[in-house]
Number of protein chains: 2
Amino acid sequence: MAELTDLGRIHAMMFWDQNTMMPPNGAAARADHSATLEVISHTKLIDPEIGRLLDALEPWAADEDPDSDAVRLLAAVRRDHEKAARVPTELAAEMSHADALGQQAWQEARAASDFSLFRDALERHIELRHRYVACFEPAEHPYDILLDDFEPELTTAELKPLFANLRDDLVALVAETAGDDGQDRNNGVFSGPFEVVDQRRAVMDVLEAVGFDADGWRLDPAPHPFAQSLGPSDIRITTRYYLNDFGVAHFSALHEFGHGLYEAGIAPELARSPLGQPVSLGIHESQSRLWENVVGRSRPFCGWVLPMLREHLGPGIPAGVDADAFYRAVNSVQRSLIRVDADETTYNLHIILRFELELAMIEGTLAVDDLPAAWDEGMQRLLGVEVPDAAQGVLQDVHWGAGLFGYFPTYTLGNLIAAQLWTRLQLDLPEIEAELGRGELAPLRDWLREHIHRHGRKFPPRELLERVTGDTLRPEPFLAYLRAKLADAGAV
Amino acid sequence: MAELTDLGRIHAMMFWDQNTMMPPNGAAARADHSATLEVISHTKLIDPEIGRLLDALEPWAADEDPDSDAVRLLAAVRRDHEKAARVPTELAAEMSHADALGQQAWQEARAASDFSLFRDALERHIELRHRYVACFEPAEHPYDILLDDFEPELTTAELKPLFANLRDDLVALVAETAGDDGQDRNNGVFSGPFEVVDQRRAVMDVLEAVGFDADGWRLDPAPHPFAQSLGPSDIRITTRYYLNDFGVAHFSALHEFGHGLYEAGIAPELARSPLGQPVSLGIHESQSRLWENVVGRSRPFCGWVLPMLREHLGPGIPAGVDADAFYRAVNSVQRSLIRVDADETTYNLHIILRFELELAMIEGTLAVDDLPAAWDEGMQRLLGVEVPDAAQGVLQDVHWGAGLFGYFPTYTLGNLIAAQLWTRLQLDLPEIEAELGRGELAPLRDWLREHIHRHGRKFPPRELLERVTGDTLRPEPFLAYLRAKLADAGAV
């Protein structure tokens, strides 16, 4: 299991390198290396000897504390082993091949803004997902099997009403709060232009103040920001720099910092085991969203960070922008076409649309050829925007190209969970607002490490959430948090 | 075999990352990852099934063209498989553990300039090398077994007289040509100071002019410059920048470019096989030394490159330095303490001393405790310099700390082979001097690819040299080349 964990870390390094350092012509050889590592990992994971060992340990585990690391480790190993063993190697290879081809088709389709160049790859993905689902014990809903890969144990039956309610509330909230279509993003406070070198200095200053440690972390530019952990003390985060929008670098750096801090905070004794990783994408995203939005867009944090940004960005931030204007700016609401550019209020509507569409495709109620029209209709219905072309519409995200179905919902789960955690955290840390205002982040980091990070994958996400908050997954805390902030920021 | 090759490339990536990018605290986890990959590679390589397949293919191979890729591939696989299978896994693990500990002991000893902190680690290395040697069929000399890991098929019996002759000629040549002890390195033409950013621009301009392709190469700073190939089109080279010595960046970049070009030039059809790598350290070093010294320190290249350097380094290069003065400066001879700082003429004496000492340690005629005195005596005898302390003497190189015995000679082999190749190349490319003077490097690159690079590991080094030059390994071409240049550069 330690070896398997090591191979996972090596894969993380290869991903990081490919997306930050690798010269473009290195891609072909890298694909071979990656496939080789994949085969070796898969072969180790499905080794029947693991199943025999797990069975042999069952009587022993029955007498142990069910909350001990060892018993939870056995559960995680069994889950990984059995899931992997159910999928025939040929199907896994077909899927991984289709993922590579699908991304290529998607890239070409997006460049040409032509969905027809992508439809065959998408149809193939759907077909392969059905074959994948058929490898498992029948679930209540085929989509459950896909979801479980990213958010263990969550079901479609739970998710559908949750997202439907959230959708209806958000549509109403956006109608109430959205600014003019012509308004600048973040009210123009980040419009610059700002030199990349100044942006980097500002981002690094903020990161080091919130907990980035140069002895164990790196920050690099990447076209699509991400975080990877190559080890408990080797955290690589990335951001991107737009000359005319410092907000992208600032908030994506805080976002990836949240991901990195989760990985850095896993208990050292779990690090080289299958428990030594984030438990789900939803929980992972709750950490990034908490730093990006709940902290990064809070009134006290905005007040504390503004002078630090000014130091590096100088007069690029208009002189008239005070802490209150800054806070209002970064919480302004605007209908938009592109998910990754969306503000905190509209963001989840982009996700819910994707969830509804991919669910319908898996259910067979939406044909691949009807997807673009359904997309455009959904954008109109949920966000009130007209989609001008496929590149800015149905082709904007790589996920479906890469065969990722059941992945999108975790973004919104992260937002909901972050709000639920924050509700609990405020009870434990009554001074947290004042501390944010002084840039004192250690209490927050410690709370997150103690309650979330250190456990790694020990507790499944539902159990973890209940242990920490005493609550089940629900949208109300997020909606309450958002309404309160929009009111405070004068958007309502 | 393709998988094994992939694993080797992944290891190269990890090495590159560790030495250029990794945050310092990442080292502990990286050691685990590296050990895991090592075990997986070793297990694959010693798989008895490989031996059975090789045996089964023998009758088939007997009827094939002995110079075909397939037949040569079988020979390379047999060599790798049998060498690896002879060494018990426990001994391999002990050696790799001792290598790590030895490097640590060496680091501490060098920092304290205290050989006694290193002697136990060194004695352990010698003992382990004897156990390693005992795993193989007895060779004429135990050192042969060690040498073979770096320079296949070369013997101590060949090397001893070769190096003894070279030593005597070089001692005489240094006596004839060495400048004053107080003279600036490179006559001060590179003393600057030069900003790192200007140095990097100058280095990149030169590299791109000689054949560095940004789509398939990277250049990064590293404390100890090296080159790694992560794939045929993913070549990573490094250099280092000293504010007061641009010569270090310039010549180490040309040196690593030579290594990188070798790896980039291996025939694509061999790339993902055990033949798809450089055949020996000596041949590898012949490529780096050829670019660094034979090309980089030639009169025509110096004349061509000087204006390019001036463009970025400006008045840091004294105005009075013309092409002739520049050429003379980079070929000045000076007795010095440190191998990596040595000029082309004195360099091999540093190597020959190390060879003599490590050979004596392996033979048992030199006790570990007597090494420092033997070192100091040798430096006096060969280079006429007084060693002030162990840090600038016997402790200056990491190699012995890392358990590398039989490695040092390959540096000098590279110099000798580079001169032999150049002798041949001048016959094939009669215009080469004029081309260097115009910065036309394509004919040279093509010649090297055709005669050396594309073959990868197909021909053992001795055979390769004979195929290309019709000659056997000998020092005369190097000595003739060096004497001619020193005369031309006014050093004699």
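Reply: Let's begin with Ser113(B), which sits in the loop between helix 5 (89–112) and helix 6 (119–133) of chain B. Helices here are DSSP runs of H or I with at least four residues, strands are runs of E with at least two, and both are numbered from the N terminus. This is a predicted model, in which local features need pLDDT of at least 70 and side-chain atom pairs count only at pLDDT 80 or more, while totals for chains, interfaces and linings use all residues. Residues are numbered from 1 along each chain as its sequence is written, chains are lettered from A and ligands numbered from 1 in the order in which they are written, and side-chain values use heavy atoms, with hydrogens and water left out.

Ser113(B) counts as partly exposed because its relative accessible area is 27% (buried is under 20%, exposed is over 50%, and partly exposed is in between, using a 1.4 Å probe and protein chains only).

In chain A, Ser113(A) belongs to the loop between helix 5 (89–112) and helix 6 (119–133). Ser113(A) also has a positive phi of about 50° without being a glycine, and its relative accessibility of 28% is why Ser113(A) is called partly exposed.

Another loop of chain B, between helix 8 (156–177) and helix 9 (196–210), holds Pro193(B). The peptide bond joining Gly192(B) and Pro193(B) is cis, with omega about 5°. In chain A, Pro193(A) is found in the loop between helix 8 (156–177) and helix 9 (196–210), and the bond from Gly192(A) to Pro193(A) is cis with omega near 5°.

Now for the strands. Chain A has an open sheet of three strands in the order 1-3-2, with mixed pairing; two strands pair if DSSP finds at least two bridges between them. Its edge strands, strand 1 (217–221) and strand 2 (227–231), each pair on one side only. Strand 2 and strand 3 (residues 234–239) of chain A run antiparallel and share four bridges, and Ala227(A) stands opposite Ile237(A) in strand 3. Helix 2 (residues 27–45) of chain B packs on this sheet, touching strand 2 and strand 3 of chain A, where contact means heavy atoms within 4.5 Å.

Technical notes:
Axes fitted to C-alpha atoms, helices over the stretch in contact; angles between N-to-C directions.
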